[in-house]
Amino acid sequence: MANSSSISLSNIQLQHLTHITDYLNTLQNYTNPLDKNPFYHIVPGFYLTPADIVLRNNIIDLSGTFQSPTPSLAYHRAGPRKQILFNPSTVKAAIVTCGGLCPGLNTVIRELVVGLWELYGVREIFGIKAGYRGFYSYEPVLLNPKMVDDWHKRGGTVLETSRGGFDLNKIVNAIQDHGFNQVYIIGGDGTMRGAVKIFEEVKQRKLYISVVGIPKTVDNDVGIIDRSFGFQTAVEMAQQAINAAHVEAESAVNGIGLVKLMGRSTGHIALHATLSSRDVDCCLIPEIDFFLEGKGGLLEFLEARLKESGHAVLVVAEGAGQDIIPRTESQKTEKDESGNLVFLDVGGWLKSELKTWWSRDHPNELFTIKYIDPTYMIRAVPANATDNSYCTLLAHSAIHGVMAGYTGFVCGPINGNYAYIPVDEVAKAKNKVDTKDHKWSWVRSVSNQPDFIRS
(Lines give C-alpha, C1' and ligand atoms only; values in the text may rest on other atoms or scores of the structure.)
Protein backbone atom coordinates (compact mmCIF):
# COMPACT_ATOMS: atom_id res chain seq x y z
CA MET A 1 0.00 0.00 0.00
CA ALA A 2 1.28 3.46 -0.91
CA ASN A 3 2.41 5.69 1.92
CA SER A 4 0.19 8.77 2.26
CA SER A 5 3.27 10.90 2.87
CA SER A 6 4.39 10.19 -0.69
CA ILE A 7 1.41 12.00 -2.28
CA SER A 8 2.66 14.81 -4.52
CA LEU A 9 0.79 17.75 -5.98
CA SER A 10 3.49 18.41 -8.55
CA ASN A 11 1.53 16.81 -11.37
CA ILE A 12 -1.40 19.25 -11.25
CA GLN A 13 -2.39 20.85 -14.55
CA LEU A 14 -3.95 24.25 -13.91
CA GLN A 15 -6.40 25.06 -16.70
CA HIS A 16 -5.74 28.41 -18.35
CA LEU A 17 -8.19 31.15 -17.44
CA THR A 18 -8.19 34.00 -19.94
CA HIS A 19 -7.61 37.47 -18.55
CA ILE A 20 -8.36 40.57 -20.61
CA THR A 21 -4.77 41.70 -20.10
CA ASP A 22 -3.67 38.64 -22.10
CA TYR A 23 -4.53 40.65 -25.19
CA LEU A 24 -4.88 44.20 -23.79
CA ASN A 25 -1.81 44.68 -21.58
CA THR A 26 -1.99 48.45 -20.95
CA LEU A 27 -5.12 48.49 -18.80
CA GLN A 28 -5.15 50.00 -15.32
CA ASN A 29 -5.88 48.08 -12.12
CA TYR A 30 -8.14 49.38 -9.35
CA THR A 31 -8.43 48.54 -5.67
CA ASN A 32 -11.42 46.35 -4.94
CA PRO A 33 -14.20 48.54 -3.41
CA LEU A 34 -15.00 45.70 -1.01
CA ASP A 35 -12.09 47.15 1.00
CA LYS A 36 -14.45 49.92 2.09
CA ASN A 37 -17.66 47.92 2.25
CA PRO A 38 -18.92 48.01 5.88
CA PHE A 39 -20.54 44.58 5.53
CA TYR A 40 -17.27 42.78 4.80
CA HIS A 41 -14.34 42.09 7.10
CA ILE A 42 -11.19 41.94 5.01
CA VAL A 43 -9.25 39.33 6.92
CA PRO A 44 -6.19 37.43 5.65
CA GLY A 45 -7.33 35.01 2.97
CA PHE A 46 -10.45 37.01 2.08
CA TYR A 47 -9.03 37.95 -1.30
CA LEU A 48 -8.03 35.05 -3.50
CA THR A 49 -4.89 34.82 -5.59
CA PRO A 50 -3.88 32.77 -8.67
CA ALA A 51 -2.43 30.24 -6.21
CA ASP A 52 -5.93 29.35 -4.95
CA ILE A 53 -7.11 26.38 -6.97
CA VAL A 54 -9.84 23.73 -7.01
CA LEU A 55 -9.03 20.14 -7.99
CA ARG A 56 -11.40 18.48 -10.44
CA ASN A 57 -10.72 15.05 -8.98
CA ASN A 58 -10.35 15.00 -5.20
CA ILE A 59 -10.46 11.24 -4.72
CA ILE A 60 -7.17 9.35 -4.56
CA ASP A 61 -6.74 5.58 -4.36
CA LEU A 62 -3.71 5.03 -2.13
CA SER A 63 -3.63 1.30 -2.89
CA GLY A 64 -2.74 1.96 -6.50
CA THR A 65 -5.47 -0.42 -7.71
CA PHE A 66 -7.22 2.34 -9.64
CA GLN A 67 -5.03 4.92 -11.30
CA SER A 68 -5.99 8.55 -10.78
CA PRO A 69 -6.11 10.84 -13.83
CA THR A 70 -2.66 12.19 -14.68
CA PRO A 71 -2.13 15.05 -14.65
CA SER A 72 -4.82 16.10 -12.20
CA LEU A 73 -6.81 19.01 -13.62
CA ALA A 74 -7.29 22.11 -11.51
CA TYR A 75 -9.16 25.39 -11.90
CA HIS A 76 -8.82 28.85 -10.40
CA ARG A 77 -10.96 29.26 -7.33
CA ALA A 78 -13.90 31.68 -7.59
CA GLY A 79 -14.09 34.70 -5.35
CA PRO A 80 -13.02 38.34 -4.92
CA ARG A 81 -9.57 39.60 -5.91
CA LYS A 82 -7.61 42.42 -4.29
CA GLN A 83 -7.14 44.19 -7.61
CA ILE A 84 -9.89 44.58 -10.19
CA LEU A 85 -9.68 45.58 -13.85
CA PHE A 86 -12.90 47.54 -14.19
CA ASN A 87 -13.65 50.95 -12.75
CA PRO A 88 -17.19 50.43 -11.39
CA SER A 89 -18.21 53.91 -12.55
CA THR A 90 -17.53 52.94 -16.18
CA VAL A 91 -19.04 49.45 -16.12
CA LYS A 92 -22.01 48.86 -18.41
CA ALA A 93 -23.26 45.33 -17.82
CA ALA A 94 -25.65 43.25 -19.93
CA ILE A 95 -27.58 40.21 -18.65
CA VAL A 96 -29.30 37.78 -21.03
CA THR A 97 -31.27 34.54 -20.52
CA CYS A 98 -31.43 32.05 -23.38
CA GLY A 99 -33.14 28.72 -24.14
CA GLY A 100 -35.85 27.02 -22.12
CA LEU A 101 -37.20 27.98 -18.72
CA CYS A 102 -35.66 26.75 -15.49
CA PRO A 103 -36.38 27.44 -11.81
CA GLY A 104 -33.98 30.11 -10.57
CA LEU A 105 -33.55 32.21 -13.71
CA ASN A 106 -35.05 35.29 -12.09
CA THR A 107 -33.01 34.70 -8.94
CA VAL A 108 -29.75 34.75 -10.92
CA ILE A 109 -30.81 37.97 -12.69
CA ARG A 110 -31.76 39.56 -9.37
CA GLU A 111 -28.53 38.57 -7.67
CA LEU A 112 -26.41 39.82 -10.58
CA VAL A 113 -28.14 43.19 -10.40
CA VAL A 114 -28.00 43.49 -6.61
CA GLY A 115 -24.44 42.14 -6.45
CA LEU A 116 -23.07 44.52 -9.07
CA TRP A 117 -24.90 47.42 -7.43
CA GLU A 118 -24.19 46.71 -3.75
CA LEU A 119 -20.78 45.01 -3.89
CA TYR A 120 -19.08 47.06 -6.57
CA GLY A 121 -21.17 50.20 -6.99
CA VAL A 122 -22.11 49.55 -10.62
CA ARG A 123 -25.07 51.66 -11.75
CA GLU A 124 -25.50 50.81 -15.42
CA ILE A 125 -26.98 47.29 -15.55
CA PHE A 126 -29.16 46.24 -18.46
CA GLY A 127 -31.36 43.27 -19.23
CA ILE A 128 -31.46 41.88 -22.77
CA LYS A 129 -34.91 40.68 -23.81
CA ALA A 130 -35.73 37.49 -25.71
CA GLY A 131 -32.40 35.67 -25.64
CA TYR A 132 -29.51 36.14 -28.06
CA ARG A 133 -31.67 37.84 -30.70
CA GLY A 134 -32.51 40.52 -28.13
CA PHE A 135 -29.04 42.06 -28.48
CA TYR A 136 -29.88 43.28 -31.99
CA SER A 137 -33.71 43.23 -32.02
CA TYR A 138 -34.80 45.01 -28.82
CA GLU A 139 -33.76 47.95 -26.71
CA PRO A 140 -32.00 46.94 -23.47
CA VAL A 141 -33.93 47.38 -20.21
CA LEU A 142 -32.22 49.37 -17.44
CA LEU A 143 -32.31 47.39 -14.20
CA ASN A 144 -31.84 48.34 -10.54
CA PRO A 145 -32.24 46.60 -7.17
CA LYS A 146 -35.67 48.08 -6.51
CA MET A 147 -37.01 46.81 -9.83
CA VAL A 148 -35.75 43.25 -9.33
CA ASP A 149 -36.46 43.07 -5.59
CA ASP A 150 -39.07 40.29 -5.72
CA TRP A 151 -38.02 38.55 -8.93
CA HIS A 152 -36.69 35.55 -7.02
CA LYS A 153 -40.28 34.75 -6.04
CA ARG A 154 -41.36 34.40 -9.66
CA GLY A 155 -41.01 31.51 -12.06
CA GLY A 156 -39.79 31.88 -15.63
CA THR A 157 -37.66 34.85 -16.68
CA VAL A 158 -38.90 38.42 -16.52
CA LEU A 159 -36.42 39.29 -19.27
CA GLU A 160 -38.13 36.74 -21.54
CA THR A 161 -36.24 34.12 -23.51
CA SER A 162 -36.16 32.39 -26.89
CA ARG A 163 -34.30 29.68 -28.75
CA GLY A 164 -32.12 30.32 -31.77
CA GLY A 165 -31.52 33.85 -33.04
CA PHE A 166 -27.74 33.46 -32.76
CA ASP A 167 -26.04 35.77 -35.27
CA LEU A 168 -22.48 36.29 -34.05
CA ASN A 169 -21.61 39.49 -35.91
CA LYS A 170 -24.95 41.12 -35.12
CA ILE A 171 -24.61 40.22 -31.44
CA VAL A 172 -21.02 41.43 -30.99
CA ASN A 173 -21.70 44.56 -33.04
CA ALA A 174 -24.70 45.29 -30.80
CA ILE A 175 -22.60 44.74 -27.68
CA GLN A 176 -20.10 47.28 -29.01
CA ASP A 177 -22.76 49.76 -30.16
CA HIS A 178 -24.45 49.73 -26.75
CA GLY A 179 -21.11 50.14 -24.99
CA PHE A 180 -21.46 47.00 -22.88
CA ASN A 181 -18.17 45.91 -21.30
CA GLN A 182 -19.52 43.05 -19.17
CA VAL A 183 -21.81 40.36 -20.63
CA TYR A 184 -23.49 37.79 -18.36
CA ILE A 185 -24.97 34.90 -20.36
CA ILE A 186 -27.36 32.51 -18.62
CA GLY A 187 -28.26 29.31 -20.47
CA GLY A 188 -27.67 25.63 -21.19
CA ASP A 189 -25.07 23.81 -23.25
CA GLY A 190 -26.27 25.31 -26.55
CA THR A 191 -26.15 28.78 -25.03
CA MET A 192 -22.65 28.09 -23.71
CA ARG A 193 -21.51 27.11 -27.22
CA GLY A 194 -22.78 30.50 -28.34
CA ALA A 195 -20.92 32.16 -25.44
CA VAL A 196 -17.69 30.51 -26.65
CA LYS A 197 -18.12 32.13 -30.06
CA ILE A 198 -18.93 35.54 -28.56
CA PHE A 199 -15.88 35.33 -26.29
CA GLU A 200 -13.60 34.33 -29.17
CA GLU A 201 -14.92 37.12 -31.40
CA VAL A 202 -14.48 39.69 -28.61
CA LYS A 203 -10.92 38.46 -28.09
CA GLN A 204 -10.26 38.51 -31.84
CA ARG A 205 -11.40 42.15 -31.99
CA LYS A 206 -9.34 42.87 -28.84
CA LEU A 207 -12.27 44.49 -27.07
CA TYR A 208 -12.27 45.59 -23.44
CA ILE A 209 -15.23 43.30 -22.71
CA SER A 210 -15.59 40.38 -20.31
CA VAL A 211 -17.89 37.48 -21.21
CA VAL A 212 -19.09 35.02 -18.56
CA GLY A 213 -21.49 32.08 -18.71
CA ILE A 214 -23.78 30.95 -15.92
CA PRO A 215 -24.85 27.38 -16.72
CA LYS A 216 -28.58 26.70 -16.63
CA THR A 217 -30.19 23.37 -17.36
CA VAL A 218 -32.98 21.82 -15.40
CA ASP A 219 -31.81 18.39 -16.66
CA ASN A 220 -28.47 18.77 -14.82
CA ASP A 221 -26.63 17.69 -17.97
CA VAL A 222 -23.88 20.37 -17.90
CA GLY A 223 -20.54 18.68 -17.29
CA ILE A 224 -17.66 19.39 -14.86
CA ILE A 225 -19.73 21.32 -12.29
CA ASP A 226 -21.49 19.51 -9.44
CA ARG A 227 -24.99 20.52 -10.53
CA SER A 228 -26.94 23.13 -12.43
CA PHE A 229 -29.28 25.57 -10.73
CA GLY A 230 -32.94 24.60 -10.81
CA PHE A 231 -32.20 20.88 -10.66
CA GLN A 232 -33.07 20.38 -7.00
CA THR A 233 -36.30 22.31 -7.45
CA ALA A 234 -37.14 20.09 -10.43
CA VAL A 235 -36.58 16.91 -8.42
CA GLU A 236 -38.74 18.27 -5.61
CA MET A 237 -41.58 19.14 -8.01
CA ALA A 238 -41.28 15.78 -9.76
CA GLN A 239 -42.23 14.17 -6.45
CA GLN A 240 -45.70 15.67 -6.71
CA ALA A 241 -46.25 14.10 -10.13
CA ILE A 242 -45.00 10.72 -8.91
CA ASN A 243 -47.20 10.91 -5.81
CA ALA A 244 -50.24 11.63 -7.99
CA ALA A 245 -49.37 8.75 -10.33
CA HIS A 246 -48.99 6.42 -7.34
CA VAL A 247 -52.40 7.41 -5.93
CA GLU A 248 -54.05 6.91 -9.33
CA ALA A 249 -52.40 3.52 -9.84
CA GLU A 250 -53.11 2.31 -6.32
CA SER A 251 -56.76 3.32 -6.60
CA ALA A 252 -57.43 1.23 -9.71
CA VAL A 253 -57.58 -2.47 -10.56
CA ASN A 254 -54.39 -3.26 -12.44
CA GLY A 255 -53.49 0.42 -12.41
CA ILE A 256 -50.32 1.88 -13.90
CA GLY A 257 -49.17 5.43 -13.21
CA LEU A 258 -46.86 6.68 -15.96
CA VAL A 259 -44.80 9.85 -15.41
CA LYS A 260 -42.61 11.48 -18.05
CA LEU A 261 -39.89 13.73 -16.64
CA MET A 262 -37.38 16.04 -18.28
CA GLY A 263 -34.06 14.65 -19.46
CA ARG A 264 -33.21 14.71 -23.15
CA SER A 265 -29.74 13.22 -22.94
CA THR A 266 -29.41 12.41 -19.25
CA GLY A 267 -31.70 10.86 -16.65
CA HIS A 268 -30.69 12.73 -13.52
CA ILE A 269 -34.16 14.07 -12.67
CA ALA A 270 -35.79 10.67 -13.17
CA LEU A 271 -33.04 8.95 -11.16
CA HIS A 272 -33.13 11.33 -8.19
CA ALA A 273 -36.93 11.53 -8.20
CA THR A 274 -37.08 7.73 -8.13
CA LEU A 275 -34.65 7.52 -5.22
CA SER A 276 -36.53 10.21 -3.31
CA SER A 277 -39.99 8.77 -3.93
CA ARG A 278 -39.62 5.05 -3.10
CA ASP A 279 -42.95 4.53 -4.93
CA VAL A 280 -41.45 3.98 -8.39
CA ASP A 281 -41.38 0.43 -9.76
CA CYS A 282 -39.34 1.14 -12.88
CA CYS A 283 -37.16 4.07 -13.99
CA LEU A 284 -36.21 4.43 -17.66
CA ILE A 285 -33.44 6.86 -18.62
CA PRO A 286 -31.58 7.72 -21.86
CA GLU A 287 -28.40 6.02 -20.64
CA ILE A 288 -30.13 2.63 -20.49
CA ASP A 289 -31.56 0.75 -23.47
CA PHE A 290 -34.78 -1.11 -22.80
CA PHE A 291 -37.18 -3.30 -24.74
CA LEU A 292 -40.83 -4.23 -24.35
CA GLU A 293 -41.48 -7.81 -25.48
CA GLY A 294 -39.79 -11.03 -24.45
CA LYS A 295 -37.96 -12.41 -21.46
CA GLY A 296 -36.42 -9.68 -19.32
CA GLY A 297 -38.47 -6.99 -21.07
CA LEU A 298 -40.59 -4.22 -19.62
CA LEU A 299 -43.92 -5.94 -20.27
CA GLU A 300 -42.87 -9.13 -18.47
CA PHE A 301 -41.71 -7.07 -15.49
CA LEU A 302 -44.92 -5.01 -15.32
CA GLU A 303 -47.09 -8.13 -15.57
CA ALA A 304 -45.29 -9.66 -12.59
CA ARG A 305 -45.53 -6.42 -10.62
CA LEU A 306 -49.27 -6.06 -11.31
CA LYS A 307 -49.85 -9.67 -10.28
CA GLU A 308 -47.90 -9.09 -7.06
CA SER A 309 -49.06 -5.60 -6.04
CA GLY A 310 -52.06 -4.80 -8.21
CA HIS A 311 -50.48 -1.55 -9.39
CA ALA A 312 -47.21 -0.10 -10.71
CA VAL A 313 -45.56 3.30 -11.17
CA LEU A 314 -43.34 3.87 -14.18
CA VAL A 315 -41.06 6.91 -14.55
CA VAL A 316 -39.47 7.68 -17.92
CA ALA A 317 -37.08 10.47 -18.95
CA GLU A 318 -38.08 12.21 -22.18
CA GLY A 319 -34.93 11.04 -23.98
CA ALA A 320 -35.38 7.36 -23.15
CA GLY A 321 -36.40 4.87 -25.82
CA GLN A 322 -36.05 7.30 -28.72
CA ASP A 323 -34.30 4.63 -30.80
CA ILE A 324 -37.21 2.18 -30.56
CA ILE A 325 -40.11 4.58 -31.19
CA PRO A 326 -41.17 4.34 -34.85
CA ARG A 327 -40.38 7.52 -36.80
CA THR A 328 -41.46 8.79 -40.20
CA GLU A 329 -38.74 9.90 -42.62
CA SER A 330 -39.40 13.57 -41.86
CA GLN A 331 -39.30 12.95 -38.09
CA LYS A 332 -35.82 11.40 -38.41
CA THR A 333 -34.31 14.78 -39.38
CA GLU A 334 -36.68 17.27 -37.73
CA LYS A 335 -34.88 19.76 -35.47
CA ASP A 336 -35.95 22.60 -33.17
CA GLU A 337 -34.76 26.21 -33.25
CA SER A 338 -31.72 25.33 -31.14
CA GLY A 339 -30.64 22.66 -33.63
CA ASN A 340 -31.62 19.73 -31.38
CA LEU A 341 -33.33 16.64 -32.83
CA VAL A 342 -37.03 16.84 -32.04
CA PHE A 343 -37.87 14.01 -29.64
CA LEU A 344 -41.04 11.99 -29.96
CA ASP A 345 -43.30 11.66 -26.92
CA VAL A 346 -42.00 8.53 -25.24
CA GLY A 347 -44.73 8.83 -22.61
CA GLY A 348 -47.56 8.87 -25.13
CA TRP A 349 -45.97 6.01 -27.05
CA LEU A 350 -45.52 3.90 -23.90
CA LYS A 351 -49.11 4.51 -22.86
CA SER A 352 -50.33 3.31 -26.25
CA GLU A 353 -48.06 0.26 -26.24
CA LEU A 354 -49.10 -0.74 -22.73
CA LYS A 355 -52.80 -0.48 -23.55
CA THR A 356 -52.30 -2.55 -26.71
CA TRP A 357 -50.36 -5.17 -24.75
CA TRP A 358 -52.99 -5.53 -22.03
CA SER A 359 -55.96 -5.73 -24.38
CA ARG A 360 -54.09 -8.38 -26.39
CA ASP A 361 -52.94 -10.58 -23.49
CA HIS A 362 -55.71 -9.88 -20.93
CA PRO A 363 -58.80 -9.00 -22.98
CA ASN A 364 -61.30 -9.63 -20.21
CA GLU A 365 -59.44 -7.99 -17.30
CA LEU A 366 -59.68 -4.46 -16.01
CA PHE A 367 -56.74 -2.16 -16.72
CA THR A 368 -56.10 1.53 -16.17
CA ILE A 369 -53.14 3.67 -17.14
CA LYS A 370 -52.81 7.33 -16.13
CA TYR A 371 -50.18 9.38 -17.95
CA ILE A 372 -48.78 12.51 -16.28
CA ASP A 373 -46.41 14.93 -18.03
CA PRO A 374 -45.47 17.70 -15.55
CA THR A 375 -42.71 19.20 -17.75
CA TYR A 376 -44.05 22.73 -18.06
CA MET A 377 -45.29 22.80 -14.47
CA ILE A 378 -41.78 21.98 -13.25
CA ARG A 379 -39.96 24.42 -15.54
CA ALA A 380 -42.19 27.34 -14.61
CA VAL A 381 -42.04 27.28 -10.79
CA PRO A 382 -39.85 29.60 -8.70
CA ALA A 383 -36.64 28.13 -7.27
CA ASN A 384 -36.82 26.46 -3.88
CA ALA A 385 -34.72 27.65 -0.93
CA THR A 386 -31.69 25.51 -1.82
CA ASP A 387 -31.61 26.63 -5.44
CA ASN A 388 -32.19 30.26 -4.45
CA SER A 389 -29.09 30.20 -2.23
CA TYR A 390 -27.14 28.44 -4.98
CA CYS A 391 -28.14 31.08 -7.54
CA THR A 392 -26.81 33.82 -5.27
CA LEU A 393 -23.42 32.10 -4.99
CA LEU A 394 -23.24 31.59 -8.76
CA ALA A 395 -24.10 35.22 -9.47
CA HIS A 396 -21.60 36.61 -6.95
CA SER A 397 -18.88 34.25 -8.19
CA ALA A 398 -19.46 35.49 -11.74
CA ILE A 399 -19.33 39.13 -10.67
CA HIS A 400 -16.07 38.73 -8.74
CA GLY A 401 -14.41 37.00 -11.70
CA VAL A 402 -15.56 39.53 -14.26
CA MET A 403 -14.58 42.54 -12.12
CA ALA A 404 -11.13 41.00 -11.70
CA GLY A 405 -10.77 40.98 -15.49
CA TYR A 406 -11.29 37.30 -16.25
CA THR A 407 -13.28 36.42 -19.35
CA GLY A 408 -14.47 33.40 -21.30
CA PHE A 409 -15.30 31.38 -18.20
CA VAL A 410 -18.17 29.68 -16.43
CA CYS A 411 -18.55 29.68 -12.66
CA GLY A 412 -19.76 26.68 -10.72
CA PRO A 413 -19.01 24.29 -7.86
CA ILE A 414 -16.53 21.44 -8.31
CA ASN A 415 -16.58 19.05 -5.36
CA GLY A 416 -18.34 21.76 -3.36
CA ASN A 417 -15.79 24.51 -4.09
CA TYR A 418 -16.63 27.28 -6.56
CA ALA A 419 -14.29 27.62 -9.50
CA TYR A 420 -13.79 29.43 -12.80
CA ILE A 421 -13.86 26.98 -15.71
CA PRO A 422 -13.03 27.90 -19.33
CA VAL A 423 -16.37 28.18 -21.12
CA ASP A 424 -15.24 26.02 -24.03
CA GLU A 425 -14.65 23.10 -21.63
CA VAL A 426 -18.15 23.41 -20.19
CA ALA A 427 -19.71 23.74 -23.65
CA LYS A 428 -18.21 20.37 -24.64
CA ALA A 429 -18.69 18.44 -21.39
CA LYS A 430 -21.75 16.31 -20.64
CA ASN A 431 -22.91 15.08 -17.27
CA LYS A 432 -24.23 11.60 -18.04
CA VAL A 433 -25.65 9.21 -15.46
CA ASP A 434 -22.96 6.65 -14.69
CA THR A 435 -24.93 3.40 -14.76
CA LYS A 436 -21.99 1.54 -13.23
CA ASP A 437 -21.86 3.54 -10.02
CA HIS A 438 -23.59 2.97 -6.69
CA LYS A 439 -26.41 5.42 -7.35
CA TRP A 440 -27.85 3.52 -10.31
CA SER A 441 -27.45 0.26 -8.39
CA TRP A 442 -29.44 1.89 -5.61
CA VAL A 443 -32.21 2.75 -8.10
CA ARG A 444 -32.42 -0.85 -9.22
CA SER A 445 -32.41 -2.11 -5.63
CA VAL A 446 -35.25 0.27 -4.73
CA SER A 447 -37.37 -0.56 -7.80
CA ASN A 448 -36.25 -4.19 -8.38
CA GLN A 449 -36.43 -3.43 -12.09
CA PRO A 450 -34.65 -5.60 -14.68
CA ASP A 451 -31.38 -4.60 -16.30
CA PHE A 452 -32.97 -5.09 -19.75
CA ILE A 453 -30.14 -7.31 -21.01
CA ARG A 454 -31.55 -9.77 -23.55
CA SER A 455 -30.98 -13.43 -22.81
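Before I show the sites that come from UniProt, please note that UniProt positions are given in the numbering used here, that feature names are shortened, and that annotations may be inferred rather than shown by experiment. What you see is a predicted model, in which local features need pLDDT of at least 70 and side-chain atom pairs count only at pLDDT 80 or more, while totals for chains, interfaces and linings use all residues. Residues are numbered from 1 along each chain as its sequence is written, and side-chain values use heavy atoms, with hydrogens and water left out.

Let me begin with the annotated positions. An unreviewed UniProt entry places the feature "binding site" at Gly100, Arg163, Gly164, Gly188, Asp189, Gly190 and Thr191. These positions are spread over 92 residues of sequence, and yet they cluster in space, with a largest C-alpha distance of 12.8 Å. One of them, Gly164, is found in the loop between strand S8 (141–143) and helix H3 (168–178), where helices (H or I, at least four residues) and strands (E, at least two) are DSSP runs, numbered from the N terminus. Gly164 has 24% relative accessibility and therefore counts as partly exposed, since buried means under 20% relative accessible area, exposed over 50%, and partly exposed in between (1.4 Å probe, protein chains only). Gly190, by contrast in location, is found in helix H4, and with a relative accessible area of 35% Gly190 is also partly exposed.

Helix H4, residues 189–204, also holds Glu201. Is Glu201 buried or exposed? Glu201 counts as buried, because its relative accessibility is 18%. Leaving aside residues up to four places away in sequence, Glu201 touches Leu168, Asn169 and Val172, contact meaning heavy atoms within 4.5 Å.

Now I turn to a pair of helices. The axes of helix H6 (residues 268–277) and helix H12 (residues 438–447) come within 10 Å and cross at roughly 50 degrees; axes here are lines fitted to C-alpha atoms, for helices over the stretch in contact, and angles run from 0 to 180 degrees between N-to-C directions. H6 and H12 are therefore oblique to each other, because angles under 35 degrees count as roughly parallel, over 145 as roughly antiparallel, 65 to 115 as roughly perpendicular and the rest as oblique. The contact is made by Leu271, His272, Thr274 and Leu275 of H6, together with Lys439, Trp440, Trp442, Val443 and Val446 of H12.

Finally, Thr274 of helix H6 has 0% relative accessibility and so counts as buried.
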